[in-house]
Amino acid sequence: MTQVVVTGLGAVSPYGAGVAEYWKGLAGGACAIRDLTLIETDGFRCRLAAEVPEPLAGSARRTRADRLAIAAAGEALADAGLGARDCAAAALVVGAVGGGMLEAEAWYWRTARAGVRPASLSALRAVLPSAHAETLGSRFRLGGPRHTVVTACSSGAVALAEASELIAAGVVDVALAGGVDAITRICFMGFNALKLLDTAPCRPFDRERRGMSIGEGAGFMVLEAEARARARGARVYATLAGHGMTTDAFHVTAPEPEGDGMVRAMRAALAGGGITPAEVQYANAHGTGTPQNDRIEARALARVFGEGGLLVSSSKSMIGHTMAAAGSLEAIATVLALGHDLVPPTANLATPDPDVPFDCVPRAARAARLGCAISNSFGFGGQNVTLLFRRGVA
Amino acid sequence: MARVVITGVGVVSAAVTGDSAALGAFLAAPFAPAAGALGAGAVAALVDPGESRRLSRVCQLTIAAARLALRESGLDPAAGLGLVVGTEFGDLASTHAFADGFLARGPGGLSALMFPNTVMNTMVATTAIAVGARELALTLNAPTVAGELAVARATAAVASGRVPAVLAGGVDELDPVVERELERFGFDAERRSEGAVFLVLEPRVAAEARGAPVLGEISAAAWRALPARPWGVGRTCRSPAIEAVLEAAGARAADLGWVYASGSCDDARDRWEEQVLGAALGSEAPVSTLGRLLGRHAGLGVLRVAAGAWTARSGLLPATDGATRVERVRPGRGLVHGLARGGTHVALVVDAA
Amino acid sequence: MEEKEVLDELKTILVARLKFDPRRAAETTESTPLPKGVAGSIGLDSLDFIELSIAIEERFGIAMDENQDLTEHFASFDSLSRFIAGKLRSA
């Protein structure tokens with residue numbers, strides 16, 4: 001079976017543009033969750049988010065989400081040193097949820113409030129999650145298989161898993177994959193209505209945690225068949241050694257209380273990589289900061305790795321829940337952790353929950369010898385994904 | 001790699017609702033229904049009131065079609081079932097309604113029940129619960145070819161042994177806000193409609209072992225992207241997807257007895273697809289474009305694969321150029337093809353059981 | 001507002017917000033259990049209760065404190081009406 005390696009990284013995060021900014025923020029334990037400025041927040045309990053700071057790269061005629069995607073994808077392709085011929089055969093898999101909804105909302109709000117219907121074909125077309133793949137595919141002339149996956153909060157991770165399947169099956173030997181989401185009114189209002197948002201920056205794994213914080217961003221990777229990467233002398237960040245995807249089939253918003261789906265996803269990823277639980281030193285958790293997710297995820301981690309069996313931290317404590325970008329941005333954090341032998345912390349963790357039997361790396365990054373690490377993403381509707389990364393090449 | 005067969009079909013649409021037998025009867029005597037929209041109560045027999053209270057309309061359509069397909073196949077989901085659903089528009093109706101609640105009444109007008117429907121995976125999430133699908137579950141969003149894409153992706157999942165069986169489907173509903181805007185921008189020439197269609201895909205060996213109906217085989221499936229601007233019509237006619245499936249199926253163009261294409265009266269796009277098919281296959285194999293008769297929706301892409309299996313068995317093809325009629329064609333393998341503005345295209349070689 | 005009026009408003013919410021069939025809503029009484037899993041209940045789950053809370057806050061102008069455990073008040077329309085009427089009186 002073809003080994004899949006990571007040869008390029010690109011990110012736009014609430015810290016700013018670029019992977020270097022992203023890692024600097026994570027390694028420093030900086031919390032980027034602040035007052036929301038992009039949309040109106042009057043009348044809502046929670047008025048915070050982790051926004052990508054201005055200025056954004058690219059044309060203001062594009063949707064915000066497209067601009068984030070283009071910047072991150074462009075960085076990944078350049079980082080991998082892919083040229084036009086590589087791109088012509090490369091697969092493209094995008095994880096998306098909101099698409100251009102922010103701009104479509106602005107149009108809809110104007111229509112409802114002012115009674116005018118401004119003509120905007122681009123707003124209509126750009127609203128769908130598949131718009132990013134159309135934009136990126138055309139912009140970077142990617143001619144291989146192209147598809148968009150929508151699996152709620154795990155979309156970015158599923159995109160990476162999908163790309164690795166295409167490479168492992170020999171359909172392509174190089175792929176650009178990742179996820180993107182911009183803040184939208186619907187997402188902000190909906191999570192507020194469900195009372196899933198903390199009125200303070202989220203506190204994953206803390207005894208006093210009260211909910212999530214929303215974020216936005218884009219994270220893309222170039223994945224390649226190991227032999228091809230080796231032949232062209234590409235720099236390899238890590239091996240994407242395995243992945244698991246399962247479905248709770250339990251409830252549209254609540255996770256299944258025993259975490260069975262999470263356990264199965266983690267075990268499938270380990271089995272795919274031929275790795276035992278003892279060989280994994282770090283889990284980048286889904287870790288949203290809701291009382292439910294963190295409790296159930298901790299229980300699932302304990303079932304797979306044993307209590308205290310590895311270091312656990314949540315990047316959402318710093319960049320918020322970046323929705324469709326979360327799975328890929330957090331995978332990038334996991335790859336960088338492996339490369340630096342440094343586990344990014346869980347920020348805002350003042351009083352660790354005694355029911356969470358793990359060292360969740362409170363507030364300051366931890367140096368640690370890392371051989372393998374997993375990244376968990378558990379989406380609405382019980383869409384569970386685990387990615388397993390191994391340092392270097394087999 | 002396992003050989004992938006179809007063991008169940010479920011269709012919910014204005015023209016026909018039922019399993020493979022109902023679909024076959026329709027294809028043998030095809031007609032354009034009076035309206036593309038489904039009547040109220042279309043799925044009442046398949047989704048009970050206790051469930052339907054919590055399900056948006058598009059989710060109900062999806063569950064109804066999935067149940068029909070599962071019923072025909074006799075598959076037990078507990079043995080391991082994946083779910084792949086293609087859609088172009090998802091649940092936009094719920095998205096408007098959610099926004100309208102806020103615009104009319106502020107935060108108090110927001111509906112917690114409706115919020116999950118604003119994420120496009122809602123059809124998969126609710127169907128997974130309704131049928132008990134616990135393996136991989138994907139929602140694929142694409143213009144025009146989402147249904148074919150879902151079948152191609154599901155075929156790969158079964159062929160690779162990753163999942164023991166997959167429910168592969170497509171669904172779209174007509175949304176008045178979207179329709180109004182499309183008309184305003186001059187896209188009223190194209191036919192669009194709504195519906196949900198599912199196939200049950202399994203490895204041939206497993207299907208035969210449990211005595212399941214084997215309705216057809218998907219010998220090869222591939223998807224690629226032709227160069228084009230977003231939502232534009234391209235000029236390239238050479239199709240890597242068709243080349244890939246011919247090679248994988250060990251077939252030459254001349255072996256294909258028929259083609260189902262994805263035309264729907266978007267003339268520029270339809271012409272591009274004709275050129276692509278002409279370049280790959282010459283003009284030997286007759287082409288059927290059900291979208292011109294029934295209107296485009298993601299379910300129709302899946303229906304075309306089921307129709308391909310029926311044509312491979314029966315040697316009949318509902319032709320749709322000019323007058324609607326049923327032609328005799330060479331039974332056995334043929335091609336199901338889809339091409340979207342922007343260049344995403346899908347090809348599947350479908351064969352008799 | 002009396003408990004009887006509160007009960008009528010709750011039945012309206014059942015139809016308008018929780019999407020119950022009007023006949024089913026009309027059949028409910030003060031003692032009909034609300035939560036799923038209780039014999040004879042109308043089968044509300046956690047998401048239904050969130051919707052109900054939003055609707056109650058909007059319709060009656062009271063605040064539901066999510067840090068407080070309100071489970072006992074949501075057991076039936078009887079307990080819920082008494083809870084709401086009590087909040088209105090003290091408002």
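The radius of gyration used here is taken over C-alpha atoms, and the globule rule that goes with it is 2.2 Å times the number of residues to the power 0.38. This is a predicted model, in which local features need pLDDT of at least 70 and side-chain atom pairs count only at pLDDT 80 or more, while totals for chains, interfaces and linings use all residues. Residues are numbered from 1 along each chain as its sequence is written, chains are lettered from A and ligands numbered from 1 in the order in which they are written, and side-chain values use heavy atoms, with hydrogens and water left out.

Chain C has 91 residues and a radius of gyration of 12 Å, which agrees with the value near 12 Å for a compact globule of that length. Its secondary structure comes to 4 helices and 0 strands, where helices (H or I, at least four residues) and strands (E, at least two) are DSSP runs, numbered from the N terminus. Along the principal axes, the C-alpha atoms of chain C fill a box of roughly 30 × 25 × 20 Å, and 45% of the residues in chain C are buried; buried means under 20% relative accessible area, exposed over 50% and partly exposed in between, with a 1.4 Å probe and protein chains only.

Chain A has 13 helices and 15 strands. Its radius of gyration is 19 Å, close to the 21 Å from the globule rule for 394 residues, so chain A is as compact as a globular protein of that length. Buried residues make up 68% of chain A. Contact means heavy atoms within 4.5 Å, and of the contacts in chain A with a separation of 6 or more, 80% are between residues 24 or more positions apart.

Some places in the backbone of chain A deserve a careful look. Most residues other than glycine have a negative phi, and most peptide bonds are trans. The peptide bond from A:E54 to A:P55, however, is cis, with omega near -5°, and A:P55 lies in the loop between β4 (48–49) and α2 (64–80) of chain A. A:K195, although not a glycine, has a positive phi of about 55°; A:K195 belongs to the loop between α8 (185–193) and β8 (217–225) of chain A and is partly exposed, with a relative accessible area of 22%.

Which residues touch the most other members of the largest nonpolar core? They are A:M221 and B:L201, in a core of 108 residues, where a nonpolar core is a set of buried Ala, Val, Leu, Ile, Met, Phe, Trp, Tyr and Cys residues joined through side-chain atoms within 4.5 Å. Helix α12 (residues 298–314) of chain B gives the most to this core, with 10 residues. Apart from it lies another core, of 76 residues, including A:L194, B:A112, B:V178 and C:I42.

Finally, consider the second largest pocket, which is lined by 44 residues, with A:E165, A:A169, B:M1, B:A156 and B:S160 nearest its centre. On a 1 Å grid over the protein atoms alone, a pocket is an open set of points where a 1.4 Å probe fits, with protein on both sides within 12 Å along at least five of seven lines, and lining residues have an atom within 4 Å of a point. The largest share of this lining, 8 residues, comes from β7(B).
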